[in-house]
Amino acid sequence: MLGALTILLVFQLIGEVIAQLLALPIPGPVIGMALLFAALALRGGPSPGLRDTAQNLLQHLSLLFVPAGVGVMLHFNRIGDEWLPLAVSLVGSTVLTIAVTALVLHFLTRREKAAGG
Amino acid sequence: MRTPAQLAEIWVYLSASPLLGLTVTLLAYQGAFWLYKRAGFHPLANPVLLAVAALVLLLKLTGTPYPTYFDGAQFVHFLLGPATVALAIPLYAQLPKLRTMAGPLLAALVVGSLTASVSAVAIGKLFGASEASLLSLAPKSVTTPIAMGIAERIGGLPSLTAVLVITTGILGAVSARFIYQALGIADHAVRGFAVGVASHGIGTARAFQVSEQAGAFSGLAMGLNALLTALLVPLLMPWLRDWL
């Protein structure tokens, strides 16, 4: 588990360094994810230890958003003033995005399957 | 028996140490997760929502400022980085399916990403949101650190964006199942990808609770959308402002 956690941190660190060096707008962890994915593809898959650690960490991914979420208390005033436009925008846009993305992907994959055989 | 004055002293000591913020975060989350499990993992019993609500209530009741709480909670917050890197592992397991779907995934990503930012700003404008709020809304579908960076670049309020991002995540996690049922979409790769584009890590967390495949595609969508939005929204914003 310690080895696996070290691997994750090393890839995050490499990602952060690349993001800073090249002044990329993408955060380091996302670059780290892409690099680890490439490394796994080259190596032919993760070790059992890495797979277990990733699974444990991702099982409780929700927990990791709680501290930032509590930051809502800093914005109660603005949210109170603008709650209607903010609420309609967030609900409308989220539902629309999920529906549009899912429909596009659904029809394109179905068409490809049909074309492929 | 301790006097109230002594108890107050203990409280002063504890409230200044990171131990309390960290412990209450874990306790609140485990309580929320227990309720979520009791509700049969129903999307409406979202554990992020329940835990945040309980903690905000607790901090308000005890008069604890957010930065004091965050001193402890930052240890949990820090793990977001390695967890994002770890998304590569379930994604790798989906490599064969990923290869066959590459073209459609990219097309859906571009359409979804544009829908997310343009519709948020347009609806907000229609209902009279202030300009600062509109600029903070544009990156609301991408993972918190990138969204905050984008908001800063285009003149929004990064800390407001963080709240909008988390709320969007919870909304997507709560509503996705009902949208898919209404549209008749069953493929877990499609379901995961769409919720990942719309509601980043919180959608991904929910997708992993549904299935490994949904989670992997959601994580992929989250990463790709972060990339695309960081490139598109700053380019799109001047045009969008003229148009509105």
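Helices (H or I, at least four residues) and strands (E, at least two) are DSSP runs, numbered from the N terminus. Read in that way along the sequence, chain B follows the pattern α-α-α-α-α-α-α-α-α-α-α-α, which comes to twelve helices and zero strands. The model is a predicted one, in which local features need pLDDT of at least 70 and side-chain atom pairs count only at pLDDT 80 or more, while totals for chains, interfaces and linings use all residues. Residues are numbered from 1 along each chain as its sequence is written, and chains are lettered from A and ligands numbered from 1 in the order in which they are written.

How compact is chain B? Its radius of gyration (taken over C-alpha atoms) is compared with a globule rule, 2.2 Å times the number of residues to the power 0.38. The radius of gyration of chain B is 20 Å, close to the 18 Å that the rule gives for 244 residues, so chain B is as compact as a globular protein of that length. Along the principal axes, the C-alpha atoms of chain B fill a box of roughly 70 × 40 × 30 Å. A residue is called buried if 20 or more other C-beta atoms lie within 10 Å of its own, exposed if 12 or fewer, and partly exposed in between, with C-beta atoms placed from the backbone. Buried residues account for 52% of the 244 residues in chain B.

For chain B, UniProt lists "transmembrane region" (unreviewed entry) at several spans, including residues 105–127 and 160–180. Such positions are given in the numbering used here, feature names are shortened, and annotations may be inferred rather than shown by experiment. Residues 105–127 of chain B are 96% helix and 0% strand, with end C-alpha atoms 32 Å apart. Residues 160–180 of chain B are 100% helix and 0% strand, and their end C-alpha atoms lie 30 Å apart.

Two residues of chain B deserve a look at their backbone angles. Most residues other than glycine have a negative phi. B:Phe41, however, has a positive phi of about 55° although it is not a glycine. B:Phe41 sits in the loop between α2 (18–38) and α3 (47–62) of chain B, and is partly exposed because 13 other C-beta atoms lie within 10 Å. B:His200 also has a positive phi, near 35°. This histidine lies in helix α11 (residues 188–210) of chain B and is buried, with 32 other C-beta atoms within 10 Å.

Where do the chains meet? The contact takes 66 residues from chain A and 93 residues from chain B, two residues being in contact if their C-beta atoms, placed from the backbone, lie within 7 Å. On the side of chain A that touches chain B, α6(A) gives the most, with 25 residues. The residues of that side divide into 46 nonpolar, 16 polar and four charged. Here Ala, Val, Leu, Ile, Met, Phe, Trp, Tyr, Cys and Pro count as nonpolar, Asp, Glu, Lys and Arg as charged, and the others, Gly among them, as polar.

Is A:Ala102 buried or exposed? A:Ala102 counts as buried because 26 C-beta neighbours lie inside 10 Å. Leaving aside neighbours within four places in sequence, A:Ala102 is in contact with residues including B:Tyr180, B:Leu183 and B:Ala194.
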